[in-house]
Amino acid sequence: MVAILTELVSSAKKCCDGAMVSLLSGSDYNQLRAFVAVGELLSFSRAAEVLGVSPSALSQMVRGFEERVGVRLLNRTTRSVALTEAGENLFRRVRPVVSELGEAIGQVRRYRERPAGTVRIHAFRSAAESYIEPILPDFVRSYPDVVLDITLDDEVVDIVAGGFDAAIRIGEVIERDMIAVRLGPEMRQIAVASPEYLAACGRPEHPRDLVHHRCVRWRWPGHAAPYAWEFCEDGRWFSVAVDGPLIVDDKEMARRAALRGIGIGFAVEQTVTGDIAAGRLVPLLEQWSAPFPGLFLCYPQQRQMAPALRAFIDAVRDVGGRDAGSSAGQ
C-alpha cells in the first residue's frame, strides 16, 4: 500500500511539473477518485451517480483537487466536460493506481465484515453446558475462520482486564457498565439431601437448623472462605455459615456427594430436578428459597463490534431466547 501511495504522489508531481506538494492527506483520496470518475465518464451527473454523491458535491471535490495541484484539469461547458492536456496526462497515470487502491480497500472491508479471528469467552460451567455447547456444531460449520477460546470457571473475573470478549454469568455479579442479555429464567438455590442421609440424621425445619447438620460446602473460586448459603424470609435475605466434612470448588462434585449421603447439598434447582424426580434427592427448606436473576451473556460496550464476536453473541442469544420462551410457556 505504501508503495502504491508513493507511486501515486510521484506520478502526480511529475504530471503537474512539481506544482503539487502533497496529494494524499485528509480527503485527497476522495478527490482523486472524483477526478478519475469524471475523467472516465466525462459527465459530472453520471460520475456523481456512480459515486453516490450529488453533482454539486462532486464538482466541489474536483474543484478542490484542481486548487491543490494548481493546474486546470477539466474544461467545463454547460453541455460538455473534457480533460485538459495536463488532466489527460494525470488521468492516464493515476487511473490504474486509484483502481488498485479501491480494490485493496474493498478487500480490507470484506475481511472486516467476514467473521474471522479468535473470540475469548469466560463462562460459568453450568452456563457453558446450557448455552455454549449446544451452539458448537452449527457454529463451527458456519464460521470456519472463527476460533472460540473458552474458559470455564465459576470465578467472577474482570472481563476486560482478563482479555475476554464476553462472559456468561448470573445477573447479580455483572458489572454495571456491561451490556447484559438475559439468557433464561430466574433461578433459585435449594437445599437437598439423600433419603439415606435424612433417615440417619433427620430433616432441618429452618435454615438455621443447618448449623447442626453435615453439609457439603462449596468454595466460590477466588474466595478463601466457603460460600455461606443464602435464604430469604419475609422478603429479606440472610445467610447461614454451614459446616461439614467436605469443601469443594466444583458444584457437580458437590451434587454427587449429596447423592452419596455425605451431607446436605445446596444446588441450583435446575441441576437437581432429575434427581428429585427420581427420588435420589429430597428438596428441603423450599419456602425460604427465593428466586434471583438467572444467567446473562455480558460484554463491554463498544462502538464497532468484531463480526466474529457478533456471530457468537447472536448464536447464544438464539439459544437463550428459545430457553426463555419455553420457560414462559410452562
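Helices α3 and α4 are roughly perpendicular to each other (an angle of 65 to 115 degrees). Their axes come within 9 Å and cross at roughly 100°. Axes here are lines fitted to C-alpha atoms, for helices over the stretch in contact, and angles run from 0 to 180 degrees between N-to-C directions. Helices are DSSP runs of H or I with at least four residues, numbered from the N terminus.

This is a predicted model, in which local features need pLDDT of at least 70, side-chain atom pairs count only at pLDDT 80 or more, and totals for chains, interfaces and linings use all residues. Residues are numbered from 1 along each chain as its sequence is written, and side-chain values use heavy atoms, leaving out hydrogens and water.

Which residues of α3 and α4 meet? Phe 44, Ser 45, Ala 47, Ala 48 and Leu 51 of α3 touch Pro 55, Leu 58, Ser 59 and Val 62 of α4. Contact means heavy atoms within 4.5 Å.

Now turn to helix α6, residues 125-132. Ala 127, Ala 128, Tyr 131 and Ile 132 are buried there. Buried means under 20% relative accessible area, exposed over 50%, and partly exposed in between (1.4 Å probe, protein chains only). The four cover an arc of only 100° around the axis, which puts them on the same side of α6. That arc is taken from the directions from the helix axis to the C-beta atoms. An α-helix has 3.6 residues a turn, so residues three or four places apart point the same way.

Arg 310 is partly exposed, at 30% relative accessible area. Beyond its neighbours within four places in sequence, Arg 310 contacts Tyr 299 and Met 305.

Terms used. Helix = DSSP H or I, 4+ residues; strand = E, 2+ residues; numbered from the N terminus. Parallel < 35°, antiparallel > 145°, perpendicular 65-115°, else oblique.
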